Each structure stands twice: as C-alpha cells, then as structure tokens.
Amino acid sequence: MAHNLKVLSEMIRSRYREGASIAVVARELGVSKATVQRHVPARERRDAAAAARQRHRNRAQTPYEQALRAQVVRLYGSGMPQQRVAATLGISVEAVVARLEPSQRRSQQEAVRLAVEQQGELLPKEEIVARYVQGATMAELGRLYGVHPTTIRRRIPDDLIRPRASVPKPRTRSGRVLAEEEVRRRYAAGESAYALAREFGVSVHTVRARIPDTDWRGRPAGEASVPPPRSAQPRSGGVRMVLVLSDEEILARYRAGQSATAIGRAAGVDCRTILRRIPEHERRTHLQAQRLSRPAPDVDADTIRALRARGLTWEAIGAEVGLSAKTVRARA
C-alpha cells in the first residue's frame, strides 16, 4: 500500500513538473484534484500567472491548436485580412492576431495597399470603361462603386482619358425652362419680377433681361442705381409723422413709472422715438429701470416667510402677491 502511494506521488509530481495542470493530472491518474495538491509540495506549486502561461503553452501543443494555427497562417499569408480570416474560421480577430508571430504580421501600409488591390480586383473594369466613355466622370464612378476616383483612374486606359476641360459638367439647376413670352405676359399682367424669379428658379436680373425697357416698371437700365443726394431743405409737401401721444403726455407717463417700451407700444412707435421726447436729465438708468419694472417691490423675504409660516404654498403666495412661484421662492 505504501509502495503504491509512493509510486502515485512520484507520477503526480513528474507530470506536474512537465507542465500538466492539477486538473489534467487528476484526470489522467483518476484521482481528485485535492489528492494531487497534497502530493505536490507547496514550494513547487505555480502561481496564477505562471499557471496561465503554462496552460497556454500546453494548449498550443494540442493537435487542434496546431491545426488552427496552421490554417490562420495559411489564410493570412494568402492575402486575407484579419477580419476575413476570423470570419472564415469562426474565431475572433484577437484570436487570429494571437496565433500570428510578430514577423508574420503585415504593417499598416502593406495592409492598406493589399486591401486596395483586392477591392480593385472585384471592380468590373469593362463596365467602368463603358460608363466613362458614355460621359460619366471619375468622381461619379467612385461614388457609384464606393472607391476613390484614383482607383477608377487606374482602370481606364490612358488613351481614353478625357482632357479636364472636355469633361461634361452636370447641370446643377433643374428648374423650369424660362419662357420669355410667358415672363413678359405675366409681368405685364402685374406680377413682380421677384415673384417670377422665385417661381422659375432664376435671378431677378435674368427676368429683367427678358422684359423690354418700355414695359419695365422699375428704374431704367441705363440710369445709375445710386440714389441722388438729399437736399438740405425739407421737401415740399413732405409729411412728418405725428405721434398719437403728445410730448407732455409721454413725459407724464414716463414720470409715472411707465417704461419707454410700454409708452412706445401704446403710441405705435419704437421706444427710441419715445426716448427722444424725454429730456436727457430725466431718463432712468438701467438699474433704476430694472428696479422700477420689477413687480411687487414691497414683497420682501420677511413677508414671504410670514405667509409660509401660515402654511401657504409657493403657488398660493405667488397668486396672492402677484408674482410667480419661482420669483417668490427666489426672494425668500
């Protein structure tokens, strides 16, 4: 019995030193992993990192792993990219990279060049040449086949390359055909040149060129477009804008606390027109106008806290003092 136990212990330690893991030794000898651990001295046991490296080396020596590595090297060496090798063998890209030696991996420039060549081999050269001869540009063919125009250029013979000036330029505007008779008739009927230009998709100058000078309602073509200088004297018959409110009433409203914007809204004019009616020394500063336009200035924090002590909510306090709940909360 003791002899058999000694033989078993020697076999366990021998297989473990050869690199087999505790689980593999237990499976080979038909014992439990606890039995293997008892016969392996603590000083000889591998740590987690060393055990992982040993498992990787053991796995690399299995027939399946050797066959898989050979397939990866063969497919990758034939020109396949890593993604296609992984999809062909049903493994991940990381697994493909792990089974390639650093000297076997292609550089980034080499991978890009090989990918371009393989993609170019899949392009129908005869169809590309036929489309180019019919008038298609290299940029259009590149967008059609999903490649760069330079790739298209390599597929076209030099004797068929068109000069740059003779390349047909596509029309960028697909609007209606500008009919001169229709433009003249509709303009004479009362439509404006701007409306006709928008409808036909052209500029106003294009519409103007179709209309005779005798029918043109605007400035004659030969007349300068710069307006004449204004006379220093007021024009006879000129109309001066009359405000609904007099200057005295504007000043009275402003002194009562109304803003220039509110007075201008009531008079139907801009606030700057109102400010010109107010003397310079009576105009409010920005801070004065801000304090004046703030609603309910007498509602301070003490008043709000007193109302809160009575059990009122922010919304109820705002409805009572004429403020929003957000303003009430901010003043508290």
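Buried here means under 20% relative accessible area, exposed over 50%, and partly exposed in between, with a 1.4 Å probe and protein chains only. By that cut-off Arg208, with a relative accessible area of 16%, is buried. The model is predicted, so local features need pLDDT of at least 70 and side-chain atom pairs count only at pLDDT 80 or more, while totals for chains, interfaces and linings use all residues. Residues are numbered from 1 along each chain as its sequence is written, and side-chain values use heavy atoms, with hydrogens and water left out. Helices (H or I, at least four residues) and strands (E, at least two) are DSSP runs, numbered from the N terminus.

**Buried arginines**

- Arg208 is placed in helix α14, residues 204-209.
- The side chain of Arg208 reaches the backbone oxygen of Ile211 at 3.0 Å. A polar contact is a pair of N or O atoms within 3.5 Å; within protein, one must be able to donate a hydrogen and the other to accept it, and residues adjacent in sequence count only if both atoms are side-chain atoms.
- Arg186 sits in helix α12, residues 180-188, and counts as buried because its relative accessibility is 12%.
- Leaving aside residues up to four places away in sequence, Arg186 touches Glu191, Leu196, Glu199 and Phe200, where contact means heavy atoms within 4.5 Å.

**Helix α13**

- Ala193, Leu196, Ala197 and Phe200 are the buried residues of helix α13, which spans residues 193-200. Seen down the axis of α13, these buried residues fall within an arc of 100°, so they line one face of the helix. The arc is that of the directions from the helix axis to the C-beta atoms.
- An α-helix has 3.6 residues a turn, so residues three or four places apart point the same way.
- The buried residues of α13 pack against α12 and α14.
- On the face of α13 turned away from its buried side are the exposed residues Tyr194 and Arg198.

**Helix α16**

- Helix α16 (residues 260-267) has Ala260, Ile263, Gly264 and Ala267 buried. Around the axis they cover an arc of only 100°, which puts them on the same side of α16.
- The cover over the buried residues of α16 includes α15 (247-256) and α17 (271-276).
- Exposed residues Arg265 and Ala266 are carried on the face of α16 turned away from its buried side.
- Just after α16, Gly268 has a positive phi of about 80°.

**Aromatic rings**

- The structure holds 1 aromatic pair. Tyr187 and Trp216 form this pair, which is stacked, at 5.3 Å centre to centre and 5° between the planes. The pair links distant parts of the chain, with Tyr187 in helix α12 and Trp216 in the loop between α14 and α15, 29 residues apart.
- Rings of Phe, Tyr and Trp (its six-membered ring) pair if their centres lie within 6.5 Å; planes under 30 degrees apart count as stacked, over 60 as edge-to-face and the rest as tilted.
- Tyr187 is buried, at a relative accessible area of 4%.
- Arg106 lies over the face of Tyr76, at 3.8 Å from the ring centre, and Arg308 lies over the face of Trp314, at 4.2 Å from the ring centre. A charge sits over a ring if NZ of Lys or CZ of Arg is within 6 Å of the ring centre and within 35 degrees of the ring normal.
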